[in-house]
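These are my notebook entries on a structure that is new to me. I set down what I looked up, entry by entry.

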Amino acid sequence: MPELPEVEALREFLDDHLVGKEIARVLPLAISVLKTYEPPLGALEGTTVTSVARHGKFLDIAAGPLHLLIHLARAGWLQWKDGFPTTPPRPGKGPLALRTVLTGGDGFDLTEMGTTKRLAVHLVHDPADVPAVARLGPDPLADSFDRDAFARLLGGQRRQVKGALRDQSLIAGIGNAYSDEILHVAKMSPFKLTTSLGDDDVTHLYTAMRTTLREAVDRSRGLAAGRLKAEKKSSMRVHGRAGQPCPVCGDTVLEVSFSDSALQYCPTCQTGGRPLADRRLSRLLK
């Protein structure tokens with residue numbers, strides 16, 4: 001799933017390629033992709049893109065009085081095109097979900113692989129009209145989101161720290177992959193409870209979060225949209241690397257599986273050498 005660093009890189013890419021250009025047409029090609037119906041997508045035709053913003057994992061393309069909100073979900077992606085075939089694509093064929101064409105002939109496609117369709121597009125007058133955007137917590141890279149603000153958020157929680165990092169209503173933009181990476185940098189168990197965090201723990205976790213995300217944004221900055229997935233995968237220290245050596249200590253990276261996801265961690269760096277119990281079968285390591 002694209003997370004804050006990849007979505008921020010896409011935002012910068014689209015800011016360079018879309019702002020100041022006129023939208024010729026927007027074609028929805030998968031029934032599941034469009035989550036709003038008023039105003040219709042046709043209202044974008046003839047409008048000029050004025051800005052591209054990011055709200056957590058949402059892209060926000062502003063054109064005229066409207067905002068096209070895009071959430072790529074787990075299997076969605078954005079592909080920039082310098083030109084399109086003259087024959088319109090057939091709806092429901094392949095992974096293509098939505099096509100946006102500019103008057104210059106270029107534009108982008110939204111695609112989604114797999115059978116679980118979660119890619120979401122909203123056309124609204126105000127980003128806050130999208131409930132998932134309205135519920136978002138603060139951006140972890142915002143200048144105003146300092147260590148004390150982070151501590152106040154965690155102070156109101158009693159939950160595992162990985163779940164807290166992934167909760168979009170608490171902190172916007174962090175998902176499964178970067179929460180694994182942040183906790184590895186912080187040398188902290190993903191199952192550690194927020195109520196057990198001391199002041200030094202909070203400071204260390206906050207620093208690991210900001211450093212990990214900023215470094216990922218810097219690595220992604222300037223890359224073409226098609227290269228962002230490979231960059232993310234190649235830069236992971238523990239996420240997606242179960243069975244491989246930890247790049248810090250050399251111990252084997254382990255995994256805990258859930259019904260629809262998995263986490264990876266280094267036992268030496270994060271849990272005092274102890275393997276974590278499978279959450280589905282036994283009690284969690286605290």
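I take helices (H or I, at least four residues) and strands (E, at least two) as DSSP runs, numbered from the N terminus. The model is predicted, so I note that local features need pLDDT of at least 70, that side-chain atom pairs count only at pLDDT 80 or more, and that totals for chains, interfaces and linings use all residues. Residues are numbered from 1 along each chain as its sequence is written, and side-chain values use heavy atoms, with hydrogens and water left out.

**Entry 1: helix H6**

I began with H6, which covers residues 199-220. The 22 residues of H6 should span 32 Å, and the end C-alpha atoms are 32 Å apart, which agrees. After H6 comes Gly-222, with a positive phi near 90°.

Which residues of H6 are buried? I use buried for under 20% relative accessible area, exposed for over 50% and partly exposed for values in between (1.4 Å probe, protein chains only). The buried set is Val-202, Leu-205, Tyr-206, Ala-208, Met-209, Arg-210, Thr-212, Leu-213, Ala-216, Val-217 and Ser-220. These residues pack against H1 (4-18), H3 (147-155), H4 (161-166), H5 and H7 (228-235); contact here means heavy atoms within 4.5 Å.

**Entry 2: H5 against H6**

I next looked up how H5 (residues 176-186) meets H6: the angle is about 125° and the axes are 8 Å apart. Axes are lines fitted to C-alpha atoms, for helices over the stretch in contact, and angles run from 0 to 180 degrees between N-to-C directions. H5 is therefore oblique to H6; under 35 degrees counts as roughly parallel, over 145 as roughly antiparallel, 65 to 115 as roughly perpendicular and the rest as oblique.

From H5 the contact takes in Tyr-178, Glu-181, Ile-182, Leu-183, Val-185 and Ala-186, and from H6 it takes in His-204, Leu-205, Ala-208, Met-209, Thr-212, Leu-213 and Ala-216. I count 10 of them as nonpolar, two as polar and one as charged. Nonpolar covers Ala, Val, Leu, Ile, Met, Phe, Trp, Tyr, Cys and Pro, charged covers Asp, Glu, Lys and Arg, and polar covers the others, Gly among them.

**Entry 3: H3 against H6**

H3 and H6 pack at about 115°, with axes 10 Å apart. The two helices are therefore roughly perpendicular, and their crossing is right-handed. H3 contributes Arg-147, Phe-150, Ala-151 and Leu-154, while H6 contributes Asp-199, Val-202, Thr-203, Leu-205, Tyr-206 and Met-209. I find seven nonpolar residues, one polar and two charged in this contact.

**Entry 4: backbone in the loops**

Most residues other than glycine have a negative phi, and most peptide bonds are trans. Where does Lys-187 lie? I found Lys-187 in the loop between H5 and H6, with phi positive and near 55°. Lys-187 is partly exposed, because its relative accessibility is 48%.

Ala-73, in the loop between S4 (66-71) and S5 (76-81), also has a positive phi near 55°. Ala-73 counts as buried because its relative accessibility is 5%.

I also noted a cis peptide bond between Glu-38 and Pro-39, with omega about 0°. Pro-39 sits in the loop between S1 (23-28) and S2 (49-55).

Terms used: Expected span 1.5 Å × (residues − 1). Left-handed = near helix turned anticlockwise from the far one by under 90°.
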